[in-house]
Amino acid sequence: MWVRSQSDDDIVACIDFDWEGMGVNIANYIAENYPGENIACIMGLFEHVPVQMFRKTFEARVKELGKNEIVAIRDGQYTPTVAVDQAQDLIESGYEFSNLFIFNEEMAAAVVRMLKTRGLLNNPIRVITSNGAPYGIELIKEGSIDYSISTSPGWEGFVSFLALHAYTQGVITDLNQQILLPNTPITPETIDDKTKVVPWDIDPVWIDLTREYFPQYNSLY
């Protein structure tokens with residue numbers, strides 16, 4: 001997310017999630033929990049910068065760890081029906097894999113439904129994804145999604161507002177700031193912890209987290 005000053009030319013900051021860190025996190029999780037098992041991936045748009053950032057570290061980290069092999073990477077176009085088609089093609093084309101990483105939970109939820117109907121969900125195909133959307137959390141609780149990472153667009157918007165507000169108030173006058181929100185894993189142990197599974201809807205925990213991770217904005221409250 002980009003935020004600008006009143007001028008159309010000046011960019012105050014780019015606020016985003018640490019997609020490169022996420023790539024390392026997912027690769028580490030699969031290696032630690034499912035060594036020796038193959039991975040297939042359904043990304044968002046290949047042309048999308050976050051996808052490229054994720055792939056850069058994810059593929060390199062999987063190779064570096066040497067515990068798993070990526071057998072296929074497909075473009076899901078951020079469209080659930082496309083993701084389902086890609087997942088079905090991966091299965092029917094004979095690729096052997098038990099870890100299916102899907103770039104967001106909207107696509108993952110659709111693929112989960114398809115895998116359930118075919119009796120393949122967690123037998124052997126487990127789904128790993130990212131977002132921490134409300135519907136994704138429910139799928140994690142029921143065991144349909146094995147692992148995810150919280151990336152709350154609501155909190156991202158809140159930090160974006162603070163970055164622009166800090167600039168207009170003269171608190172922080174730097175331009176072209178890069179502000180990365182932390183990625184927090186979603187597991188059965190963290191599922192009910194709002195500081196780890198950050199709500200998408202307005203919640204006071206946004207302020208608590210911002211105080212912790214971005215203390216430069218504390219004077220604005």
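Both F54 and F103 are buried, where buried means under 20% relative accessible area, exposed over 50%, and partly exposed in between (1.4 Å probe, protein chains only). The model is predicted: local features need pLDDT of at least 70, side-chain atom pairs count only at pLDDT 80 or more, and totals for chains, interfaces and linings use all residues. Residues are numbered from 1 along each chain as its sequence is written, and side-chain values use heavy atoms, with hydrogens and water left out.

A search of the whole structure finds 14 aromatic pairs; rings of Phe, Tyr and Trp (its six-membered ring) pair if their centres lie within 6.5 Å, and planes under 30 degrees apart count as stacked, over 60 as edge-to-face and the rest as tilted. One of these pairs joins F54 and F103 in an edge-to-face arrangement, with 5.6 Å centre to centre and 85° between the planes. F54 belongs to helix α2 (residues 49–65) and F103 to the loop between β5 and α4, so the pair ties together parts that are 49 residues apart in sequence. Helices (H or I, at least four residues) and strands (E, at least two) are DSSP runs, numbered from the N terminus. The ring centres of F214 and Y217 are 6.5 Å apart with planes at 40°, so this pair is tilted; F214 and Y217 are buried. One aromatic cluster is formed by F17, W19, F54, F58, Y78, F101 and F103.

Charged groups also lie over aromatic rings, the criterion being NZ of Lys or CZ of Arg within 6 Å of the ring centre and within 35 degrees of the ring normal. R55 lies over the face of F46 at 5.0 Å from the ring centre, and the charged end of R126 sits over the ring of Y34, 3.5 Å from its centre.

Helix α2 also contains T57, which is buried with a relative accessible area of 14%. Not counting residues up to four places away in sequence, T57 touches W19, E20, G23 and V24, contact meaning heavy atoms within 4.5 Å.

An open sheet is formed by 4 strands in the order β4-β3-β5-β6, with parallel pairing; two strands pair if DSSP finds at least two bridges between them. The edge strands, β4 (70–75) and β6 (126–128), each pair on one side only. The twist averages 20° from one strand to the next. Strand β5 (residues 99–102) and β6 pair in the parallel sense over 3 bridges, and F101 stands opposite I128 in β6. Helix α1 (residues 19–33) lies across β3 (39–43), β5 and β6, running at about 155° to β6. Helix α4 likewise lies across β3, β5 and β6, at about 145° to β5. Axes are lines fitted to C-alpha atoms, for helices over the stretch in contact, and angles run from 0 to 180 degrees between N-to-C directions.

Strand β2 (residues 11–17) and β8 pair in the parallel sense over 5 bridges, and the bridge partner of D16 in β8 is L180.

In helix α5 (residues 134–141), G136, I137, L139 and I140 are buried. Viewed down the axis of α5, the buried residues fall within an arc of 160°, so they line one face of the helix; the arc is that of the directions from the helix axis to the C-beta atoms. The buried residues of α5 pack against α4 (105–117), β7 (148–150) and β9 (184–186). Just after α5, G143 takes a positive phi of about 90°.
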